[in-house]
Amino acid sequence: MSTQAATPAAPAPAARPRNRRPRASARAGGVGGLGMGLAMLWLSVIVLLPLAALAAKSLDGGLSAFWDSVSSRQAVSALKFTLIVSVIVAAVNAVAGLAIAWTLVRDEFPGRKVVNAVIDLPFAMPTIVVGITLLALWGPTSPVGVNLAFTQLSVALALLFVTLPFGVRAVQPVLMELDRDMEQAAASLGASPLTTFRRIILPNLIPAILSGAALSFARAVGEFGSVILISGNKPFDTQVSSVFIFKQIESDNSRGAAAVAVVLLGVSLLMLIALRFIEYWGARHDH
Amino acid sequence: MTTSSVSRYGIRVFALGYLALLLLVPIGVVLYRTFEPGVGAVWDSITTPAAVSAFWLTIEITAIAVPLNTIFGIVAALALVRSRVRGKRFLEALIDLPFAISPVVIGLALFLLYGRQGWLGPTFTNAGIQIIFSVPGMVLATIFVCLPFVVREVVPVLREIGDEQEQAASTLGASRWQTFLRVTLPAIRWGVAYGVVLSVARAIGEFGAVSVVSGKISGETITLPLLVENRFSNFDLAGAYAASALMAVIALAVLLAMTLLQRKGDAR
Amino acid sequence: MISVSSVSKHYGDFAALDDVSVEVESGSLTALLGPSGSGKSTLLRVIAGLEVPDEGTVILEDRDVTRLAPQQRDIGFVFQHYAAFKHMTVRDNVAFGLKVRKRPKAEIAAKVDELLGIVGLAGYQDRYPSQLSGGQRQRMALARALAVEPKVLLLDEPFGALDANVRAELRAWLRRLHDEVHVTTVLVTHDQEEAMELADRIVVLNAGRIEQVGAPRELYDAPANEFVMGFLGPVARLGDGLVRPHDLVLRTDADGIGVEAQISRIVHLGFEVRVELELAGEAEGSVYAQLTRHEAEQLELHEGDIVYVRRDGVKSLPSAA
């Protein structure tokens with residue numbers, strides 16, 4: 001009697017009842033436990049291990065040293081500025097993103113397809129090139145004489161540039177899928193276009209708008225390449241946390257840098273969690 | 001909904017004006033400034049030994065990081081969509097992490113892990129392998145930042161097509177590997193392609209994380225983005241513009257590929 | 001009273017409506033019946049103001065509303081896929097039209113409760129549409145449309161998205177509702193049975209034109225052309241004319257009048273029996289006759305038998321439309 005070697009990724013037995021979950025139960029085409037394990041391993045080595053090292057090193061001198069690094073005047077100033085400018089950028093993106101998405105979905109004009117493609121430009125451009133580009137227009141060599149270099153406004157401009165796609169692309173698909181019948185029903189019931197927008201369209205777009213804002217915020221908080229040149233890195237003025245951390249590394253204070261980095265990481269993680277909640281909340285009325 | 005013409009034009013002007021002012025005008029200006037000294041000057045600037053070596057280094061890092069990431073992306077996507085393992089949500093959240101972390105934090109984390117005083121630093125130094133301030137570190141940083149792209153593009157495709165085709169293939173006698181090659185891979189190819197394009201764009205343009213781990217050793221660990229910053233800091237504005245122009249050309253090619261692939265994906 | 005005069009609507013080269021004129025009596029229930037692409041939905045939406053005609057006029061209750069927006073026409077509209085405001089409760093859905101008209105809160109609350117009672121959704125005030133079944137959503141949509149006491153109620157294939165048994169139930173319910181409330185109602189449907197069951201008058205449309213207008217019986221018994229005849233009921237082609245399968249008479253003996261045919265199949269559909277026939281000779285073709293069980297038993301038919309088919313009496317359409 002021969003014994004069969006059991007392979008780790010054995011195909012599912014044929015008599016599996018499939019009446020309750022038609023798709024999820026079959027394992028055809030999956031990678032099985034081995035694939036899952038490999039993916040987790042790769043993820044752990046590439047992502048988790050370095051982050052663990054970061055967290056551990058930040059606590060090298062103990063909790064008090066950690067607190068000292070995080071609460072230094074410069075660190076706090078950088079963090080405050082970072083958070084405030086990121087919130088403003090997220091808010092502007094919410095409005096601009098809605099307007100742009102509206103124009104792309106509901107309006108018809110020549111060149112609409114080109115404009116649609118242009119929205120993704122910030123995704124395709126290296127951040128350092130974004131910085132150089134903005135400096136060309138808004139810097140010392142500005143052709144229109146507007147020199148915003150080394151100002152807080154310049155930081156905001158750079159962040160608006162790189163986060164533009166988030167605001168638009170979060171709202172655009174939802175707007176496209178919106179049931180036009182609802183708007184026509186509202187019109188048949190006597191609602192003006194403005195009322196229809198306020199009471200019918202906007203409430204259904206809020207989760208997407210919030211999503212876009214959260215993504216913008218998350219990106220803005222950590223943005224480095226586009227900001228480093230144009231902000232001029234003036235501590236207590238235009239320095240954002242990412243630049244602060246970079247300077248700390250350059251000054252050989254990697255533990256202090258790590259402490260602030262952990263705080264920034266915490267902010268990012270909070271944003272990711274908030275995003276999940278927004279998605280979940282947004283889907284509450286879908287059947 | 002019939003918006004009044006006034007509001008429609010108003011929104012259009014606001015939206016397009018915002019886009020023009022924020023995106024297009026700066027790009028126009030930098031293009032002008034770049035080619036002001038003439039195409040010849042630009043060409044000279046991007047064919048210096050430093051520039052050429054930066055270019056090839058960028059290509060080299062991208063050529064290692066992106067394929068590795070693509071394999072991970074496909075495997076992870078299959079695991080996320082088709083396995084019935086606990087902790088899928090966790091895996092999905094982890095994969096999104098690189099999107100939310102600042103590049104400088106990423107570079108620092110790698111430095112603290114593989115640097116001379118890092119956790120694994122001594123291990124590698126003793127084995128004669130240098131990670132930080134050398135190419136391997138830059139590759140690792142690039143893989144970190146590119147991690148989510150392929151997965152996130154492939155997952156929705158897998159969810160949409162279901163696994164019935166694979167089931168059919170297995171009833172017809174195909175082995176798992178054959179099924180993967182002949183059924184799964186062709187079905188997800190546009191999602192993979194789009195994810196690869198996004199990864200390539202990100203890999204070529206990565207600045208912050210690579211900046212921290214590179215050590216900026218001229219001729220060895222300077223990529224194109226680092227070159228741009230280097231020239232700028234050394235007051236070689238024209239040189240910085242030229243290198244930026246090169247990257248911009250690559251960015252446009254990427255954008256074009258993205259747009260075309262999106263159409264392909266939609267037309268399925 | 002709705003008066004549509006010479007309305008045309010084009011989409012590019014495609015004529016959705018071509019010089020259409022029709023009158024709808026106040027208080028009646030009229031069905032716009034036709035196949036996909038016949039223009040029936042377009043006509044309804046022109047009446048509603050959701051589409052603007054290229055030519056022609058629409059008059060509602062002596063007011064020329066042709067260029068007026070839907071908001072100003074005092075209509076109620078019910079959509080095939082409910083168009084429920086999914087982010088609002090049932091109560092807020094039904095109250096929407098009244099809130100837009102800035103009615104006092106107490107009046108709104110009373111009206112909403114009354115209407116929900118009428119449509120059988122009392123107690124569902126705080127539910128969300130996603131928690132309702134398809135039939136319940138459509139009833140909510142009706143309550144919502146009726147809340148503003150419209151002069152005209154327009155329904156665009158209201159039961160098309162529902163299961164067959166829910167559809168039948170709501171059909172009967174709608175007719176009862178109309179008998180009580182008496183709002184001028186126009187209903188679009190592609191289902192002739194639905195039109196026949198519900199409507200006082202039926203307007204048959206085809207390719208953007210009106211083929212015939214009349215009471216259900218009139219359309220069925222005296223169709224103006226082959227299209228109307230074929231759309232309103234089953235037809236059989238015998239010779240060069242159309243006849244209803246249940247108007248075909250079968251004889252087992254040749255009587256000189258009937259066409260010879262061979263029975264290819266006998267299908268027992270419960271009360272009715274369908275006899276599928278292959279016509280012989282000049283009248284070649286397949287046709288089926290519908291017999292009652294009783295008639296079929298009397299004739300003692302079997303598959304393969306030769307019988308003789310003719311029209312019963314004068315209830316057939318003469319040839320040449």
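Chain B and chain C do not touch, and their nearest C-alpha atoms are 9 Å apart; here two residues are taken to be in contact if their C-beta atoms, placed from the backbone, lie within 7 Å. The model is a predicted one, in which local features need pLDDT of at least 70 and side-chain atom pairs count only at pLDDT 80 or more, whereas totals for chains, interfaces and linings use all residues. Residues are numbered from 1 along each chain as its sequence is written, while chains are lettered from A, and ligands numbered from 1, in the order in which they are written.

Two pairs of chains touch, and of these the pair formed by chains A and B has the most contacts. Between chains A and C, 18 residues of chain A are in contact with 20 residues of chain C.

Chain B is itself divided into domain 1 (1–35) and domain 2 (39–266), with bounds that come from an automatic or database domain assignment. The centres of these two domains of chain B, taken over C-alpha atoms, are separated by 31 Å. Four residues of domain 1 of chain B are in contact with six residues of domain 2 of chain B, and the side contributed by domain 1 has two nonpolar, one polar and one charged residues.

Conventions
Nonpolar A, V, L, I, M, F, W, Y, C, P; charged D, E, K, R; others polar.
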